[in-house]
Amino acid sequence: MNREDFPLLKEEIIYFDNSATSLKPKCVIDKMADYYTNYPANAHRGDYDLSYKVDQEYEETRELVKKFINAKYLEEIVFTSGTTESLNMIVNGFFEPLLEAGDEVLLTTSEHASNILPWFRLANKKGIKLNYIPLDNNYYVTIDNLKKVITPQTKVISIAGITNVIGDIRPVKEICKLAHENNVFVVLDGAQMVPHCKVDVKDLDVDFLAFSAHKMCGPTGVGVLYGKKELLEHLEPTLLGGGMNESFDNPSEIYLKELPTRLEAGTRNISGVIGFGEAIKYLEKIGMDNIHKREHDLRKYLIDKLLLLKHIDIINIESDSGIVTFNVSNIFSQDVAYYLNKYNICVRAGNHCAKILKSSVGVNNTVRVSIYFYNTYEEIDNLVELLSDYDKIVKEMI
Amino acid sequence: MNTEESRQIIMENYLNPQNRNHPHDGYQEVNTRNVSCIDNINLYIKWNNNKIEDITFEGEACAVSISSTSIMIKNLIGKTKEEALEYIHEFYKMTNGKTFNKEMLQDACCYEEISKQGNRKVCANLPLKGMEKAILEKLK
(Lines give C-alpha, C1' and ligand atoms only; values in the text may rest on other atoms or scores of the structure.)
Protein backbone atom coordinates (compact mmCIF):
# COMPACT_ATOMS: atom_id res chain seq x y z
CA MET A 1 0.00 0.00 0.00
CA ASN A 2 1.01 3.66 -0.59
CA ARG A 3 3.83 2.54 -2.88
CA GLU A 4 3.33 5.51 -5.16
CA ASP A 5 4.57 7.79 -2.36
CA PHE A 6 8.10 6.33 -2.47
CA PRO A 7 10.34 7.44 -5.36
CA LEU A 8 12.62 4.40 -5.03
CA LEU A 9 9.75 1.97 -5.48
CA LYS A 10 9.31 3.16 -9.05
CA GLU A 11 12.55 1.27 -9.74
CA GLU A 12 12.83 -2.50 -10.09
CA ILE A 13 13.89 -3.02 -6.51
CA ILE A 14 12.50 -5.10 -3.67
CA TYR A 15 13.42 -3.61 -0.33
CA PHE A 16 13.23 -5.99 2.63
CA ASP A 17 15.69 -4.31 5.00
CA ASN A 18 13.27 -2.07 6.82
CA SER A 19 14.59 -2.92 10.27
CA ALA A 20 17.88 -1.34 9.26
CA THR A 21 16.20 1.73 7.84
CA SER A 22 12.97 2.47 6.03
CA LEU A 23 12.49 4.13 2.66
CA LYS A 24 11.51 7.79 2.61
CA PRO A 25 8.30 9.08 1.02
CA LYS A 26 8.49 12.05 -1.31
CA CYS A 27 6.65 14.32 1.13
CA VAL A 28 9.49 13.91 3.68
CA ILE A 29 12.20 14.51 1.08
CA ASP A 30 10.33 17.58 -0.20
CA LYS A 31 9.83 18.97 3.30
CA MET A 32 13.57 18.80 3.98
CA ALA A 33 14.43 20.30 0.59
CA ASP A 34 11.94 23.09 1.35
CA TYR A 35 13.80 23.92 4.57
CA TYR A 36 17.19 23.99 2.85
CA THR A 37 15.81 25.96 -0.10
CA ASN A 38 13.47 28.46 1.51
CA TYR A 39 14.25 29.03 5.20
CA PRO A 40 17.66 27.48 6.05
CA ALA A 41 18.20 29.51 9.25
CA ASN A 42 19.09 28.28 12.72
CA ALA A 43 16.47 27.45 15.35
CA HIS A 44 15.89 29.35 18.59
CA ARG A 45 17.50 32.48 17.23
CA GLY A 46 14.23 34.00 16.04
CA ASP A 47 14.99 37.68 15.53
CA TYR A 48 13.91 37.58 11.92
CA ASP A 49 11.09 35.91 9.99
CA LEU A 50 13.09 33.06 8.49
CA SER A 51 14.41 31.97 11.85
CA TYR A 52 10.97 32.33 13.42
CA LYS A 53 9.59 29.93 10.81
CA VAL A 54 12.36 27.43 11.67
CA ASP A 55 11.34 27.58 15.35
CA GLN A 56 7.72 27.03 14.45
CA GLU A 57 8.43 24.02 12.25
CA TYR A 58 10.95 22.51 14.69
CA GLU A 59 8.62 22.84 17.64
CA GLU A 60 5.67 21.57 15.61
CA THR A 61 7.53 18.27 15.29
CA ARG A 62 7.81 18.13 19.07
CA GLU A 63 4.05 18.55 19.30
CA LEU A 64 3.58 15.83 16.69
CA VAL A 65 5.87 13.42 18.57
CA LYS A 66 4.11 14.16 21.86
CA LYS A 67 0.76 13.34 20.30
CA PHE A 68 2.14 10.34 18.41
CA ILE A 69 3.37 8.59 21.58
CA ASN A 70 0.74 10.23 23.82
CA ALA A 71 3.20 11.87 26.19
CA LYS A 72 1.79 14.05 28.95
CA TYR A 73 4.08 17.07 28.55
CA LEU A 74 5.90 18.66 25.64
CA GLU A 75 9.04 18.91 27.79
CA GLU A 76 9.22 15.13 27.83
CA ILE A 77 10.24 15.04 24.15
CA VAL A 78 13.96 15.57 23.52
CA PHE A 79 15.45 15.43 20.03
CA THR A 80 18.65 13.41 19.71
CA SER A 81 20.60 11.90 16.83
CA GLY A 82 18.81 8.57 17.18
CA THR A 83 18.05 5.64 19.46
CA THR A 84 21.72 5.03 20.21
CA GLU A 85 22.29 8.56 21.49
CA SER A 86 19.03 8.50 23.44
CA LEU A 87 19.95 5.25 25.21
CA ASN A 88 23.46 6.50 25.97
CA MET A 89 22.00 9.70 27.45
CA ILE A 90 19.64 7.68 29.63
CA VAL A 91 22.39 5.38 30.90
CA ASN A 92 25.11 8.01 31.29
CA GLY A 93 23.04 11.02 32.26
CA PHE A 94 20.39 9.47 34.48
CA PHE A 95 21.50 6.08 35.75
CA GLU A 96 25.22 6.65 36.17
CA PRO A 97 24.73 9.23 38.94
CA LEU A 98 21.88 7.21 40.45
CA LEU A 99 23.08 3.61 40.58
CA GLU A 100 25.55 2.22 43.04
CA ALA A 101 27.82 -0.81 43.09
CA GLY A 102 25.76 -3.96 43.58
CA ASP A 103 22.59 -2.54 41.97
CA GLU A 104 21.20 -4.80 39.25
CA VAL A 105 20.07 -4.04 35.72
CA LEU A 106 18.01 -6.59 33.79
CA LEU A 107 18.56 -6.97 30.05
CA THR A 108 18.00 -9.82 27.59
CA THR A 109 20.45 -11.58 25.30
CA SER A 110 18.48 -10.46 22.24
CA GLU A 111 19.08 -6.74 22.77
CA HIS A 112 20.77 -4.58 20.15
CA ALA A 113 24.33 -3.40 20.87
CA SER A 114 22.96 0.08 21.69
CA ASN A 115 21.06 -1.31 24.65
CA ILE A 116 23.96 -3.49 25.83
CA LEU A 117 27.23 -1.61 25.45
CA PRO A 118 26.31 1.52 27.47
CA TRP A 119 25.31 -0.84 30.31
CA PHE A 120 28.52 -2.89 29.93
CA ARG A 121 30.53 0.30 30.30
CA LEU A 122 28.54 1.37 33.35
CA ALA A 123 29.03 -2.08 34.86
CA ASN A 124 32.79 -1.74 34.40
CA LYS A 125 32.79 1.80 35.73
CA LYS A 126 30.53 1.51 38.77
CA GLY A 127 30.34 -2.17 39.60
CA ILE A 128 26.64 -2.53 38.89
CA LYS A 129 25.51 -6.06 38.06
CA LEU A 130 23.94 -7.04 34.74
CA ASN A 131 21.53 -9.92 34.59
CA TYR A 132 19.54 -11.38 31.71
CA ILE A 133 15.85 -12.20 31.76
CA PRO A 134 15.73 -15.83 30.52
CA LEU A 135 14.06 -16.24 27.12
CA ASP A 136 11.50 -19.01 26.60
CA ASN A 137 11.59 -21.61 23.80
CA ASN A 138 10.44 -19.03 21.26
CA TYR A 139 13.04 -16.55 22.59
CA TYR A 140 10.25 -14.48 24.18
CA VAL A 141 10.30 -12.59 27.45
CA THR A 142 7.56 -13.84 29.76
CA ILE A 143 6.31 -12.28 32.98
CA ASP A 144 6.97 -15.57 34.79
CA ASN A 145 10.61 -15.51 33.73
CA LEU A 146 10.91 -11.87 34.68
CA LYS A 147 9.54 -12.64 38.16
CA LYS A 148 12.28 -15.23 38.58
CA VAL A 149 15.10 -12.72 38.12
CA ILE A 150 13.78 -9.57 39.83
CA THR A 151 15.55 -9.19 43.18
CA PRO A 152 15.55 -6.44 45.81
CA GLN A 153 18.74 -5.19 44.14
CA THR A 154 17.08 -4.79 40.72
CA LYS A 155 16.85 -1.11 39.83
CA VAL A 156 16.32 -1.08 36.06
CA ILE A 157 14.84 -3.21 33.29
CA SER A 158 16.19 -2.08 29.91
CA ILE A 159 14.73 -3.92 26.94
CA ALA A 160 13.53 -3.51 23.38
CA GLY A 161 9.80 -3.39 22.71
CA ILE A 162 10.36 -5.46 19.57
CA THR A 163 13.74 -7.09 19.05
CA ASN A 164 15.57 -6.68 15.78
CA VAL A 165 16.42 -10.35 15.13
CA ILE A 166 13.62 -12.36 16.72
CA GLY A 167 10.97 -9.69 16.17
CA ASP A 168 9.05 -10.69 19.28
CA ILE A 169 6.67 -8.08 20.70
CA ARG A 170 7.33 -7.81 24.43
CA PRO A 171 4.48 -7.46 26.95
CA VAL A 172 5.69 -3.97 27.84
CA LYS A 173 2.64 -2.89 29.83
CA GLU A 174 2.79 -5.94 32.10
CA ILE A 175 6.56 -5.59 32.45
CA CYS A 176 6.17 -1.94 33.55
CA LYS A 177 3.43 -2.88 36.04
CA LEU A 178 5.57 -5.58 37.65
CA ALA A 179 8.64 -3.35 37.56
CA HIS A 180 6.92 -0.44 39.26
CA GLU A 181 5.45 -2.69 41.95
CA ASN A 182 9.09 -3.50 42.73
CA ASN A 183 10.36 0.11 42.44
CA VAL A 184 12.23 -0.71 39.25
CA PHE A 185 12.65 1.72 36.32
CA VAL A 186 11.84 0.60 32.77
CA VAL A 187 13.84 1.80 29.77
CA LEU A 188 12.24 0.89 26.45
CA ASP A 189 14.30 0.66 23.27
CA GLY A 190 11.56 1.51 20.79
CA ALA A 191 13.66 1.51 17.62
CA GLN A 192 11.80 -1.48 16.14
CA MET A 193 8.48 -0.87 17.86
CA VAL A 194 7.50 2.77 17.41
CA PRO A 195 7.64 2.58 13.57
CA HIS A 196 5.41 -0.48 13.44
CA CYS A 197 2.62 -0.22 16.01
CA LYS A 198 0.87 2.25 18.28
CA VAL A 199 3.04 3.07 21.29
CA ASP A 200 1.28 4.98 24.07
CA VAL A 201 3.77 5.90 26.79
CA LYS A 202 1.04 6.80 29.28
CA ASP A 203 -0.80 3.55 28.79
CA LEU A 204 2.40 1.47 28.90
CA ASP A 205 3.71 3.58 31.78
CA VAL A 206 7.34 3.34 30.59
CA ASP A 207 9.84 5.60 32.33
CA PHE A 208 12.07 6.18 29.30
CA LEU A 209 11.63 5.50 25.60
CA ALA A 210 14.19 5.82 22.78
CA PHE A 211 13.50 5.66 19.05
CA SER A 212 14.79 6.82 15.64
CA ALA A 213 13.15 8.73 12.82
CA HIS A 214 14.89 6.92 10.00
CA LYS A 215 13.19 3.59 10.67
CA MET A 216 9.77 5.24 10.36
CA CYS A 217 9.96 7.00 6.99
CA GLY A 218 11.92 9.92 8.42
CA PRO A 219 15.49 11.08 7.87
CA THR A 220 18.66 9.63 9.40
CA GLY A 221 20.35 11.46 12.26
CA VAL A 222 17.21 12.23 14.26
CA GLY A 223 15.74 10.43 17.20
CA VAL A 224 13.75 10.94 20.33
CA LEU A 225 14.46 10.56 23.99
CA TYR A 226 11.22 10.43 25.95
CA GLY A 227 11.32 10.42 29.73
CA LYS A 228 8.71 11.06 32.38
CA LYS A 229 9.10 14.73 33.26
CA GLU A 230 9.94 14.14 36.92
CA LEU A 231 12.74 11.76 35.85
CA LEU A 232 14.02 13.80 32.93
CA GLU A 233 14.50 16.72 35.31
CA HIS A 234 17.28 14.67 36.91
CA LEU A 235 18.98 13.61 33.66
CA GLU A 236 22.32 15.36 33.57
CA PRO A 237 23.18 16.74 30.13
CA THR A 238 25.96 14.68 28.56
CA LEU A 239 26.62 17.52 26.09
CA LEU A 240 27.09 21.13 27.15
CA GLY A 241 27.30 24.10 24.84
CA GLY A 242 25.25 26.56 22.88
CA GLY A 243 21.49 26.74 23.13
CA MET A 244 21.17 24.77 26.36
CA ASN A 245 22.59 27.29 28.85
CA GLU A 246 20.85 30.23 30.48
CA SER A 247 24.02 32.00 31.61
CA PHE A 248 27.54 31.27 32.85
CA ASP A 249 30.36 33.30 34.41
CA ASN A 250 32.71 30.82 35.99
CA PRO A 251 32.74 27.08 36.78
CA SER A 252 30.57 27.50 39.85
CA GLU A 253 28.02 29.67 38.10
CA ILE A 254 26.46 27.72 35.24
CA TYR A 255 22.74 28.07 34.76
CA LEU A 256 20.99 25.77 32.35
CA LYS A 257 17.72 26.19 30.48
CA GLU A 258 14.55 24.28 31.24
CA LEU A 259 13.61 20.99 29.64
CA PRO A 260 13.76 19.97 26.85
CA THR A 261 16.20 22.63 25.54
CA ARG A 262 18.68 21.81 28.30
CA LEU A 263 19.23 18.42 26.69
CA GLU A 264 19.59 19.72 23.12
CA ALA A 265 23.03 21.35 23.08
CA GLY A 266 24.41 22.83 19.89
CA THR A 267 22.65 23.21 16.56
CA ARG A 268 20.44 20.19 16.17
CA ASN A 269 19.64 18.36 12.97
CA ILE A 270 17.02 20.95 12.01
CA SER A 271 16.15 19.68 8.54
CA GLY A 272 15.95 16.18 10.02
CA VAL A 273 13.59 17.20 12.80
CA ILE A 274 11.38 19.07 10.34
CA GLY A 275 11.39 16.08 7.97
CA PHE A 276 10.59 13.80 10.89
CA GLY A 277 7.46 15.85 11.61
CA GLU A 278 6.31 15.24 8.06
CA ALA A 279 7.01 11.50 8.45
CA ILE A 280 4.83 11.36 11.56
CA LYS A 281 2.00 13.14 9.77
CA TYR A 282 2.40 10.68 6.93
CA LEU A 283 2.26 7.60 9.20
CA GLU A 284 -0.69 9.03 11.14
CA LYS A 285 -2.57 9.45 7.88
CA ILE A 286 -2.12 5.77 7.06
CA GLY A 287 -2.84 4.77 10.65
CA MET A 288 -0.52 2.78 12.91
CA ASP A 289 -3.09 0.04 13.38
CA ASN A 290 -3.38 -0.36 9.61
CA ILE A 291 0.42 -0.51 9.32
CA HIS A 292 0.65 -3.16 12.01
CA LYS A 293 -2.10 -5.27 10.47
CA ARG A 294 -0.57 -5.01 7.01
CA GLU A 295 2.83 -6.18 8.25
CA HIS A 296 1.24 -8.98 10.23
CA ASP A 297 -0.65 -10.25 7.17
CA LEU A 298 2.43 -10.03 4.92
CA ARG A 299 4.56 -11.85 7.50
CA LYS A 300 2.05 -14.67 7.83
CA TYR A 301 1.97 -15.03 4.05
CA LEU A 302 5.78 -15.23 3.93
CA ILE A 303 6.06 -17.67 6.84
CA ASP A 304 3.43 -20.00 5.40
CA LYS A 305 5.35 -20.14 2.13
CA LEU A 306 8.79 -20.56 3.69
CA LEU A 307 7.53 -23.41 5.87
CA LEU A 308 6.99 -25.41 2.70
CA LEU A 309 10.69 -25.18 1.80
CA LYS A 310 12.63 -27.97 3.51
CA HIS A 311 16.02 -26.29 3.11
CA ILE A 312 14.91 -23.14 4.96
CA ASP A 313 15.30 -23.05 8.71
CA ILE A 314 13.19 -20.24 10.19
CA ILE A 315 14.50 -18.96 13.51
CA ASN A 316 11.39 -17.01 14.56
CA ILE A 317 8.30 -18.78 13.21
CA GLU A 318 6.04 -17.55 15.97
CA SER A 319 6.79 -13.87 16.42
CA ASP A 320 4.27 -11.17 15.49
CA SER A 321 6.26 -8.35 13.95
CA GLY A 322 7.36 -7.93 10.34
CA ILE A 323 10.76 -9.55 10.96
CA VAL A 324 11.51 -13.01 9.54
CA THR A 325 14.91 -14.50 10.30
CA PHE A 326 16.15 -17.68 8.67
CA ASN A 327 19.02 -19.64 7.21
CA VAL A 328 19.32 -21.73 4.07
CA SER A 329 20.79 -25.16 4.84
CA ASN A 330 24.57 -25.22 4.60
CA ILE A 331 24.78 -21.81 2.97
CA PHE A 332 26.37 -18.86 4.72
CA SER A 333 23.84 -16.08 5.25
CA GLN A 334 25.92 -13.53 3.39
CA ASP A 335 26.01 -15.74 0.31
CA VAL A 336 22.19 -15.88 0.39
CA ALA A 337 22.05 -12.08 0.60
CA TYR A 338 24.48 -11.74 -2.34
CA TYR A 339 22.39 -14.18 -4.36
CA LEU A 340 19.18 -12.22 -3.72
CA ASN A 341 20.99 -8.98 -4.49
CA LYS A 342 21.55 -10.28 -8.03
CA TYR A 343 17.77 -10.07 -8.40
CA ASN A 344 17.55 -6.60 -6.81
CA ILE A 345 16.23 -7.94 -3.53
CA CYS A 346 17.68 -6.21 -0.47
CA VAL A 347 17.94 -8.35 2.66
CA ARG A 348 20.34 -8.23 5.57
CA ALA A 349 22.78 -10.97 6.55
CA GLY A 350 24.77 -11.21 9.75
CA ASN A 351 24.26 -10.99 13.47
CA HIS A 352 22.27 -7.74 13.18
CA CYS A 353 24.17 -6.10 16.06
CA ALA A 354 22.74 -8.63 18.54
CA LYS A 355 26.07 -10.29 19.20
CA ILE A 356 25.21 -12.05 22.44
CA LEU A 357 22.00 -13.56 21.08
CA LYS A 358 23.98 -16.53 19.73
CA SER A 359 24.25 -17.79 23.29
CA SER A 360 20.45 -18.26 23.33
CA VAL A 361 19.71 -19.21 19.73
CA GLY A 362 22.90 -21.12 18.96
CA VAL A 363 23.25 -19.52 15.54
CA ASN A 364 25.76 -16.78 14.79
CA ASN A 365 24.52 -15.38 11.53
CA THR A 366 21.18 -15.28 9.78
CA VAL A 367 19.34 -13.80 6.83
CA ARG A 368 16.76 -11.24 7.90
CA VAL A 369 13.75 -10.09 5.90
CA SER A 370 12.08 -7.11 7.52
CA ILE A 371 8.78 -5.92 6.15
CA TYR A 372 7.12 -2.51 6.09
CA PHE A 373 3.66 -1.53 4.92
CA TYR A 374 4.76 -0.72 1.36
CA ASN A 375 5.94 -4.29 0.72
CA THR A 376 3.59 -6.47 -1.31
CA TYR A 377 2.47 -10.07 -1.65
CA GLU A 378 4.01 -10.11 -5.15
CA GLU A 379 7.39 -9.14 -3.71
CA ILE A 380 7.13 -12.02 -1.26
CA ASP A 381 6.23 -14.36 -4.13
CA ASN A 382 9.38 -13.24 -5.96
CA LEU A 383 11.53 -13.80 -2.88
CA VAL A 384 10.10 -17.23 -2.17
CA GLU A 385 10.46 -18.32 -5.78
CA LEU A 386 14.17 -17.44 -5.67
CA LEU A 387 14.63 -19.20 -2.34
CA SER A 388 12.76 -22.31 -3.41
CA ASP A 389 15.44 -23.46 -5.88
CA TYR A 390 18.33 -24.67 -3.74
CA ASP A 391 20.57 -25.60 -6.67
CA LYS A 392 20.09 -22.17 -8.17
CA ILE A 393 21.17 -20.53 -4.90
CA VAL A 394 24.32 -22.65 -4.78
CA LYS A 395 25.05 -21.98 -8.44
CA GLU A 396 24.53 -18.23 -8.28
CA MET A 397 25.70 -17.30 -4.80
CA ILE A 398 29.21 -16.36 -5.99
CA MET B 1 40.08 -18.04 -17.17
CA ASN B 2 36.39 -18.01 -18.14
CA THR B 3 33.53 -17.47 -15.72
CA GLU B 4 32.61 -21.13 -15.47
CA GLU B 5 36.20 -22.18 -14.74
CA SER B 6 36.45 -19.49 -12.09
CA ARG B 7 33.19 -20.57 -10.53
CA GLN B 8 34.36 -24.18 -10.41
CA ILE B 9 37.64 -23.32 -8.67
CA ILE B 10 35.80 -21.15 -6.12
CA MET B 11 33.20 -23.84 -5.41
CA GLU B 12 35.76 -26.65 -5.12
CA ASN B 13 37.79 -24.64 -2.64
CA TYR B 14 34.69 -23.56 -0.75
CA LEU B 15 33.27 -27.07 -0.41
CA ASN B 16 36.63 -28.77 0.30
CA PRO B 17 38.92 -26.09 1.62
CA GLN B 18 42.60 -26.72 2.21
CA ASN B 19 43.74 -27.17 5.82
CA ARG B 20 40.58 -26.11 7.65
CA ASN B 21 41.61 -27.25 11.10
CA HIS B 22 43.07 -26.17 14.40
CA PRO B 23 46.81 -26.80 14.39
CA HIS B 24 49.15 -28.17 17.04
CA ASP B 25 51.39 -25.85 19.01
CA GLY B 26 54.02 -23.68 17.39
CA TYR B 27 51.82 -21.79 14.95
CA GLN B 28 51.46 -18.02 14.75
CA GLU B 29 47.80 -17.03 15.11
CA VAL B 30 46.16 -14.07 13.41
CA ASN B 31 42.49 -13.08 13.19
CA THR B 32 41.10 -11.39 10.11
CA ARG B 33 37.64 -9.93 9.74
CA ASN B 34 35.86 -7.28 7.73
CA VAL B 35 34.23 -4.32 9.41
CA SER B 36 31.46 -4.25 6.85
CA CYS B 37 30.55 -7.92 6.91
CA ILE B 38 30.50 -10.94 9.15
CA ASP B 39 33.38 -13.00 7.78
CA ASN B 40 35.67 -13.98 10.60
CA ILE B 41 38.72 -16.17 10.02
CA ASN B 42 41.64 -17.28 12.18
CA LEU B 43 44.83 -18.09 10.29
CA TYR B 44 47.57 -20.25 11.81
CA ILE B 45 51.03 -20.05 10.29
CA LYS B 46 54.02 -22.30 10.93
CA TRP B 47 57.35 -20.71 10.10
CA ASN B 48 60.64 -22.36 9.32
CA ASN B 49 62.94 -19.38 9.71
CA ASN B 50 61.98 -17.13 6.81
CA LYS B 51 59.81 -19.73 5.07
CA ILE B 52 56.12 -20.57 5.44
CA GLU B 53 56.05 -24.25 6.32
CA ASP B 54 52.32 -24.62 6.89
CA ILE B 55 49.08 -22.60 7.14
CA THR B 56 45.75 -23.77 8.53
CA PHE B 57 42.55 -21.85 9.26
CA GLU B 58 39.28 -21.87 11.17
CA GLY B 59 36.29 -19.61 11.05
CA GLU B 60 32.94 -18.64 9.64
CA ALA B 61 32.75 -16.84 6.34
CA CYS B 62 31.12 -16.65 2.95
CA ALA B 63 31.97 -18.79 -0.06
CA VAL B 64 34.32 -16.18 -1.51
CA SER B 65 36.31 -15.70 1.71
CA ILE B 66 36.59 -19.41 2.45
CA SER B 67 37.64 -20.32 -1.07
CA SER B 68 40.10 -17.43 -1.20
CA THR B 69 41.63 -18.63 2.07
CA SER B 70 41.98 -22.15 0.72
CA ILE B 71 43.64 -21.01 -2.52
CA MET B 72 45.95 -18.66 -0.65
CA ILE B 73 47.06 -21.47 1.65
CA LYS B 74 47.89 -23.73 -1.30
CA ASN B 75 49.81 -21.00 -3.05
CA LEU B 76 51.77 -19.59 -0.11
CA ILE B 77 53.09 -22.70 1.60
CA GLY B 78 56.82 -22.93 0.80
CA LYS B 79 57.20 -19.22 0.05
CA THR B 80 59.45 -16.80 1.95
CA LYS B 81 58.01 -13.74 3.70
CA GLU B 82 59.12 -11.50 0.84
CA GLU B 83 57.70 -13.81 -1.84
CA ALA B 84 54.44 -14.05 0.09
CA LEU B 85 54.16 -10.25 0.37
CA GLU B 86 54.79 -9.97 -3.36
CA TYR B 87 52.01 -12.50 -4.02
CA ILE B 88 49.64 -10.60 -1.72
CA HIS B 89 50.30 -7.31 -3.50
CA GLU B 90 49.70 -8.91 -6.90
CA PHE B 91 46.40 -10.23 -5.52
CA TYR B 92 45.38 -6.72 -4.42
CA LYS B 93 46.28 -5.39 -7.85
CA MET B 94 43.97 -7.98 -9.38
CA THR B 95 41.02 -7.25 -7.08
CA ASN B 96 41.50 -3.52 -7.71
CA GLY B 97 41.17 -4.07 -11.44
CA LYS B 98 44.82 -3.30 -12.24
CA THR B 99 47.34 -5.23 -14.36
CA PHE B 100 48.80 -8.11 -12.37
CA ASN B 101 51.11 -11.12 -12.63
CA LYS B 102 48.82 -13.99 -13.68
CA GLU B 103 51.62 -16.52 -13.53
CA MET B 104 52.31 -15.76 -9.92
CA LEU B 105 48.67 -15.91 -8.80
CA GLN B 106 47.89 -19.18 -10.62
CA ASP B 107 44.34 -20.36 -9.86
CA ALA B 108 43.74 -17.32 -7.61
CA CYS B 109 43.05 -15.59 -10.95
CA CYS B 110 39.52 -16.92 -10.51
CA TYR B 111 38.81 -13.69 -8.60
CA GLU B 112 39.77 -11.44 -11.50
CA GLU B 113 36.18 -10.43 -12.16
CA ILE B 114 35.58 -9.59 -8.52
CA SER B 115 37.03 -6.10 -8.90
CA LYS B 116 33.69 -5.26 -10.50
CA GLN B 117 31.77 -6.25 -7.36
CA GLY B 118 32.89 -3.85 -4.64
CA ASN B 119 31.03 -5.65 -1.88
CA ARG B 120 32.66 -9.03 -2.63
CA LYS B 121 36.15 -7.68 -3.19
CA VAL B 122 36.60 -7.35 0.58
CA CYS B 123 35.65 -11.03 0.97
CA ALA B 124 38.32 -12.19 -1.50
CA ASN B 125 40.94 -9.92 0.08
CA LEU B 126 40.13 -10.99 3.64
CA PRO B 127 42.62 -13.88 4.11
CA LEU B 128 45.34 -11.93 2.27
CA LYS B 129 44.87 -9.02 4.71
CA GLY B 130 45.30 -11.47 7.59
CA MET B 131 48.38 -13.03 6.07
CA GLU B 132 49.88 -9.61 5.38
CA LYS B 133 49.31 -8.65 9.02
CA ALA B 134 50.98 -11.88 10.19
CA ILE B 135 54.03 -11.36 7.98
CA LEU B 136 54.44 -7.72 8.99
CA GLU B 137 54.27 -8.77 12.64
CA LYS B 138 57.08 -11.25 11.99
CA LEU B 139 59.15 -8.67 10.14
CA LYS B 140 58.99 -6.22 13.08
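**Exercise 1. State which residue forms a salt bridge with Arg368(A), and work out what the pair ties together.**

Step 1. Arg368(A) forms a salt bridge with Asp17(A), and their closest N and O atoms are 3.5 Å apart. A salt bridge here is a side-chain nitrogen of Lys or Arg within 4 Å of a carboxyl oxygen of Asp or Glu.

Step 2. Arg368(A) lies in strand S15 of chain A and Asp17(A) in the loop between strand S1 (14-15) and helix H1 (26-38) of chain A, so the pair ties together parts that are 351 residues apart in sequence. Helices (H or I, at least four residues) and strands (E, at least two) are DSSP runs, numbered from the N terminus.

Step 3. Arg368(A) is buried, with a relative accessible area of 2%. Asp17(A) is buried as well, at 13%. Buried means under 20% relative accessible area, exposed over 50%, and partly exposed in between (1.4 Å probe, protein chains only).

The model is predicted: local features need pLDDT of at least 70, side-chain atom pairs count only at pLDDT 80 or more, and totals for chains, interfaces and linings use all residues. Residues are numbered from 1 along each chain as its sequence is written, chains are lettered from A and ligands numbered from 1 in the order in which they are written, and side-chain values use heavy atoms, with hydrogens and water left out.

**Exercise 2. Describe the salt bridges of Asp203(A) and Lys281(A), and say where their residues lie.**

Step 1. Asp203(A) pairs with Lys173(A) in a salt bridge, with 2.9 Å between the closest N and O atoms.

Step 2. Asp203(A) belongs to helix H7 (residues 201-204) of chain A and Lys173(A) to helix H6 (residues 172-181) of chain A, so this pair ties together parts that are 30 residues apart in sequence. Asp203(A) counts as partly exposed, at 40% relative accessibility. Lys173(A) also counts as partly exposed, at 40%.

Step 3. Lys281(A) forms a salt bridge with Glu278(A), the closest N and O atoms being 3.8 Å apart. Both residues lie in helix H9 (residues 270-286) of chain A, three residues apart, which is about one turn of the helix.

Step 4. Lys281(A) is partly exposed at 34% relative accessibility, whereas Glu278(A) is buried at 17%.

Step 5. A network of salt bridges links Lys31(A), Lys53(A) and Glu57(A). Over all chains, a search of the whole structure finds 30 salt bridges.

**Exercise 3. Place Thr376(A) in chain A and list what it touches.**

Step 1. Thr376(A) sits in the loop between strand S15 (366-370) and helix H13 (377-388) of chain A.

Step 2. Thr376(A) is buried, with a relative accessible area of 11%.

Step 3. Leaving out residues up to four places away in sequence, Thr376(A) touches Arg3(A), Arg294(A) and Leu298(A). Contact means heavy atoms within 4.5 Å.

**Exercise 4. Describe how chain B meets chain A.**

Step 1. In chain B, 15 residues are in contact with 17 residues of chain A.

Step 2. The two chains bury about 1300 Å² between them, 58% of it on carbon and sulfur atoms. Buried area is the accessible area (1.4 Å probe) that two parts lose on being put together, summed over both.

Step 3. One salt bridge crosses the interface of chain B and chain A. Asp335(A) forms a salt bridge with Arg120(B), with the closest N and O atoms 2.6 Å apart.

Step 4. On the side of chain B that touches chain A, the elements that give two or more residues are helix H1 (3-15), helix H2 (63-76) and helix H5 (118-139) of chain B. H1(B) gives the most to that side, with four residues.
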